[in-house]
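Welcome, and please take a moment to look over the structure below.

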Amino acid sequence: MIQRLTLRTPDDWHLHLRDGAMLRAVLPHSAAHFARAIIMPNLVPPVVTSADATAYRARILAARPEGSDFTPLMTLYLTEETDADDVAAAHASGLITAVKLYPAGATTNSASGVADFTRVRGVLERMAEIGLPLCVHGEVTDPAVDIFDREAVFIDRVLEPLRTRVPDLRVVMEHITTARAADYVRSVPAGLAATITTHHLVINRNHILAGGIKPHYYCLPVAKREEHRLALRAAATSGDARFFLGTDSAPHTDPAKLQACGCAGCFTAPNTMPILAQVFEDEGALDRLEAFTSLNGPAFYGLPPNDTQLTLERGTPDIPAQIDTEDGPVTVFDPGYPLHWRVT
Ligand code: DOR
Ligand code: ZN
């Protein structure tokens, strides 16, 4: 039985760090295990322009723990007013690594997202020209579409037409939750990849709803049936370079989660690596964990993998149930079983 596992330091290709007191409280948990992360721009107000991203990046760097060289890879929030020249300049200067598409109203703080896709065509074409990837929250917002079908319908109604119109655009389908999305990604030879979260490898929709509602398991896209969780585990542990880790660690305070209309998001930054080691071990794929956490993402983004290492050893990790922030407590995602890998 393997007792220690050394990987190139992982990166997180989809992370919510928030701002202010929350940023200061959650950032150390990502910086402890990850060298870089794609930073989601869904602040209030969102990070829309290169000036917004410059200022947000400075706040993140200022919130890093002493001695940390964690690198935030910034994104811009695509709106119908986004200026293609501003995006191109932000890319050319190295400020941004991707642009984020939220369909208007799809999730937390997505009100400024895109409703009319014809209005962002120029920006997308420019991004294709300069090789700047688009990170996509792949759910339709049509209230007539069942929430459990919104990802699959997005592929047919939005993503496939968009990729046909702008074929050279590099796209990351984020936090995929269905076998359909995994199959779609596999059906495209190049230029399309997907991130998979920690929590979608662990929970299905029964975990949220059976035996009482569990607000801490509510996230978007919402977890689907067991067959989809198994398909995601197969994709993540396959070694296929088109799948890589994006935790979507999304902290909300307990009062914001535990109310009549609770926020979507699972806070997984502190225990993602112990959970993933266990998932990959259970799937007989520990030798493919490094590809998922540390190699496939940089390869898609055209970045070198990290030259530092992270070591896990067998043992019970010391992970708090909650962390305290000046805004209130934030509950750490509970996989529902004891963990037996810890980061050294
Ligand atoms: O569960 C989620 N939480 N999904 C998202 O798309 C947004 C995120 C957040 O910002 O809280
Ligand atoms: Zn997210």
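Predicted model: local features only at pLDDT ≥ 70, side-chain atom pairs only at ≥ 80, totals over all residues.

Both Phe 244 and Tyr 301 are buried. The ring centres of Phe 244 and Tyr 301 lie 6.4 Å apart with the planes at 65 degrees, so the pair counts as edge-to-face. Phe 244 belongs to strand S9 (residues 243-245) and Tyr 301 to helix H11 (residues 289-301), so the pair ties together parts 57 residues apart in sequence. Together with Trp 13 and Phe 300, Phe 244 and Tyr 301 form one aromatic cluster.

**Another aromatic pair**

The count of aromatic pairs comes to eight. One of them joins Tyr 77 and Tyr 102, with 5.2 Å centre to centre and 35 degrees between the planes, a tilted arrangement. This pair links distant parts of the chain: Tyr 77 is in strand S4 (residues 71-77), while Tyr 102 is in the loop between strand S5 (96-101) and helix H4 (121-130), 25 residues apart. Tyr 77 and Tyr 102 are buried.

**Charges over rings**

| Arginine | Ring | Distance from ring centre |
|---|---|---|
| Arg 170 | Phe 300 | 4.2 Å |
| Arg 205 | Phe 148 | 4.5 Å |

Phe 300, which has Arg 170 over its face, is also a member of the aromatic cluster described above.

**The zinc site**

Which protein atoms are the donors of the zinc ion (ligand 2)? They are His 14 (NE2), His 16 (NE2) and Asp 248 (OD), lying 2.0 Å from the ion. Along the sequence, these donor residues follow the spacing H-x1-H-x231-D. His 16 and Asp 248 link distant parts of the chain, 232 residues apart. His 16 sits in the loop between strand S2 (12-15) and helix H1 (20-31), and Asp 248 in the loop between S9 and helix H9 (254-257).

Are these two residues buried or exposed? His 16 has 6% relative accessibility, so it counts as buried. Asp 248 is buried too, with a relative accessible area of 6%.

**The largest pocket**

Finally, have a look at the largest pocket, with its volume of about 230 Å³. It is lined by 13 residues, and the closest to its centre are Ile 208, Leu 209, Ile 213, Pro 215 and Tyr 218. By class, the lining of this pocket has 10 nonpolar, two polar and one charged residues.

Key
Residues numbered from 1 in each chain as written. Chains lettered and ligands numbered in written order. Heavy atoms only, no water. Phe/Tyr/Trp six-rings, centres within 6.5 Å; stacked < 30°, edge-to-face > 60°. Helix = DSSP H or I, 4+ residues; strand = E, 2+ residues; numbered from the N terminus. Buried < 20%, exposed > 50% of the residue type's maximum accessible area, 1.4 Å probe, protein only. Lys NZ or Arg CZ within 6 Å of the ring centre and 35° of its normal. 1 Å grid on protein atoms, 1.4 Å probe; cavity = no way out; pocket = protein on both sides within 12 Å on 5 of 7 lines; lining within 4 Å. Points joined across faces, edges and corners; volume = space filled by probe spheres on them. Nonpolar A, V, L, I, M, F, W, Y, C, P; charged D, E, K, R; others polar. Donors = N, O, S within 2.8 Å, 3.2 Å for Na, K, Ca; no water.
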